[in-house]
Each structure stands twice: as C-alpha cells, then as structure tokens.
Amino acid sequence: MLQETITRDRPVGSWQDYVVPQCWEAFTPDDHAVWDLLFMRQVKLLGSRVVSDFFDGIDLLKLTHPGVPDVEGLNAILEPRTGWRTVAVPGLVPDDIFFAMLSERVFPVGNFIRTRDQLDYLEAPDCFHDMFGHIPMLAHHNYAEMTRHVGELGAAAIGAGQGHKAARLYWHSVEFGLAREHGEIKILGAGLASSFGEAHFSLESDQVERLPFTVERAVNTHYKHDAFQPRYLVSESLEQTVAEVLRLTPAELLAL
Ligand SMILES: [Fe+2]
C-alpha cells in the first residue's frame with residue numbers, strides 16, 4: 001500500500017535494488033498454516049461480495065493450492081497470461097519505486113506473512129495482502145493493463161512533484177475501489193478483498209459514504225492508510241474503472 005506522504009532523502013535508485021529472494025523454503029509450517037487459515041476465512045467471507053473476476057483469478061493462478069505461494073510458480077502462470085510477474089520485497093517500497101515497478105508489470109509482494117496473533121492487524125502489507133488481494137486481478141487482461149497504466153501515471157506525477165494525485169487514484173481504485181456487478185455493489189480493491197474487517201464494513205456499514213467513482217473524484221478524495229476508509233468510490237462496473245483510468249493521460253492527471 002502507499003503512504004499518503006511521500007518522503008525520501010536520497011537519489012532515486014532502480015526498483016531492482018529493492019528486490020530480495022523470496023526464500024520460500026524459509027516459511028515455516030506455521031507460516032503456511034497461517035496462510036491457509038487466512039485464505040479459508042477470507043474466501044468464505046468474500047463469497048459473492050467481490051467481483052467475479054477475482055475468483056476467476058484465484059482459480060487460474062492455482063491460489064487454492066495450500067500454503068504460501070512461491071513467486072516462481074505464480075509467475076509461471078501469470079507472466080505468459082498478462083505479462084505481469086511478482087517479485088519479493090522485504091516490506092513497503094517507496095512510492096516512486098512502487099510506481100516504477102507497476103509501469104513495468106512487476107508487482108512487489110512481501111517476503112513475510114503475519115503471525116497468528118496479528119491476523120487482523122498489520123503495520124505493513126504482508127504476502128497475504130499482496131498475493132491474495134492483488135495478484136488474482138492481475139490475471140484479468142484489462143485490469144492488468146489498467147494497473148500498468150497507473151504505474152506510468154504515478155511515475156509522471158511524482159516526477160512533477162504531485163505524487164499524491166496518483167496515490168489517491170491508486171488508492172480509490174486498486175486498493176479500496178468498489179464496483180457494481182449485475183446491479184450489486186462488489187469489492188474491487190485489494191485492500192478490501194484481503195481484509196477480514198473492512199470487506200463487509202465497506203459494503204454494509206451505514207457509517208460511510210459511497211460516492212460514484214470518477215477519476216476526478218478519486219484524485220481529489222483523501223484517504224486513510226491506518227484505519228477503515230470514511231468513504232468509498234463505487235464505479236458502474238469493473239470495466240468503467242478500467243476505461244476511465246486507461247483514458248487518463250499524465251497531463252490530465254496533473255490538471256485534476
Ligand atoms: Fe496493496
């Protein structure tokens with residue numbers, strides 16, 4: 001996930017500098033058991049609350065296989081399909097590095113998983129958030145292309161000193177977006193799809209605002225990175241989100 005404030009005090013390196021070996025063999029039996037617990041709990045919770053393409057991606061990428069997925073096995077299916085691949089990182093990467101990765105169809109996944117006593121509280125996104133939440137939708141061709149475009153927009157916005165605009169667009173679509181499907185509001189964003197508490201809160205709470213998604217509203221809507229969102233943006237469909245974001249040029253983003 002992105003932090004709202006972009007800070008760095010050194011020259012920009014290349015995204016490859018942030019990649020580490022996943023060391024899949026270092027995951028313990030308990031780590032794999034935590035993945036299985038989270039996976040089963042979340043699949044049951046999501047049910048019909050998530051866009052149907054999400055579960056298509058779960059099946060296509062064989063994420064139903066028990067245990068923490070290994071990035072090589074995942075990439076062997078994902079890369080031939082949409083050109084995307086995952087790389088392991090030790091934690092949050094800076095926003096400029098993150099957007100540079102997305103622009104090259106590379107998705108960073110944490111090389112760690114939460115512990116059993118942290119099932120619902122995370123200081124930094126772990127491999128369950130990254131792999132369960134994000135990767136299934138990267139098997140969807142149009143969504144995958146939208147995510148790559150967000151990376152390009154982000155790189156351009158940061159270069160122009162307006163990274164917050166791309167961060168908000170990303171947040172209100174890729175992380176916390178909602179979308180209608182067959183007339184019902186469904187979860188689209190990975191932050192919701194992977195969250196036990198916020199998945200149903202986002203859809204069912206009467207304490208939040210749900211406003212129509214437009215790229216202009218997304219860019220101008222603040223977000224919280226340490227609490228449930230006070231408002232969610234709802235697109236008419238997954239396709240509307242994809243089309244609106246793909247149409248947006250860097251110059252248009254900066255003008256919003
Ligand atoms: Fe995320």
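**Loops and helix packing**

Visitor: Between which two elements does the loop that holds E236 lie?
Guide: The model is a predicted one, in which local features need pLDDT of at least 70 and side-chain atom pairs count only at pLDDT 80 or more, while totals for chains, interfaces and linings use all residues. Residues are numbered from 1 along each chain as its sequence is written, and side-chain values use heavy atoms, with hydrogens and water left out. Helices (H or I, at least four residues) and strands (E, at least two) are DSSP runs, numbered from the N terminus. On that numbering, the loop of E236 runs between β6 (231-235) and α11 (238-247).

Visitor: Is E236 buried or exposed?
Guide: Buried means under 20% relative accessible area, exposed means over 50%, and partly exposed is in between, for a 1.4 Å probe and protein chains only. E236 has 53% relative accessibility, so its class is exposed.

Visitor: How many Å separate E236 and H182 in space, C-alpha to C-alpha?
Guide: H182 belongs to the loop between β3 (178-181) and β4 (184-187), and with a relative accessible area of 78% it is exposed. Along the sequence, E236 and H182 are 54 residues apart, whereas in space their C-alpha atoms are separated by 9.8 Å.

Visitor: What is the value of phi at R105?
Guide: R105 sits in the loop between α4 and β2 (106-110), and because its relative accessibility is 28%, it counts as partly exposed. Its phi is positive in a residue other than glycine, as is that of H182, which is near 50 degrees. For R105, phi is near 60 degrees.

Visitor: How are α6 and α7 oriented to each other?
Guide: Helix α6 (residues 141-159) and helix α7 (residues 163-175) have axes 7 Å apart and pack at about 160 degrees, where axes are lines fitted to C-alpha atoms, for helices over the stretch in contact, and angles run from 0 to 180 degrees between N-to-C directions. Angles under 35 degrees count as roughly parallel, over 145 as roughly antiparallel, 65 to 115 as roughly perpendicular and the rest as oblique. The pair α6 and α7 is therefore roughly antiparallel.

Visitor: How many nonpolar residues does the contact of α6 with α7 have?
Guide: Contact means heavy atoms within 4.5 Å, and on the α6 side the residues include Y143, M146 and V150, while L169 and Y170 are among those of α7. Ala, Val, Leu, Ile, Met, Phe, Trp, Tyr, Cys and Pro count as nonpolar, Asp, Glu, Lys and Arg as charged, and the others, Gly among them, as polar. By these classes the contact of α6 with α7 has no charged residues and three polar ones, and the number of nonpolar residues is ten.

Visitor: What is the radius of gyration of the protein chain?
Guide: The chain contains twelve helices and six strands, and its C-alpha atoms fill a box of roughly 50 × 45 × 35 Å along the principal axes. The radius is taken over C-alpha atoms, and the globule rule is 2.2 Å times the number of residues to the power 0.38. For 256 residues, a compact globule would have a radius near 18 Å, which agrees with the chain's radius of gyration of 17 Å.
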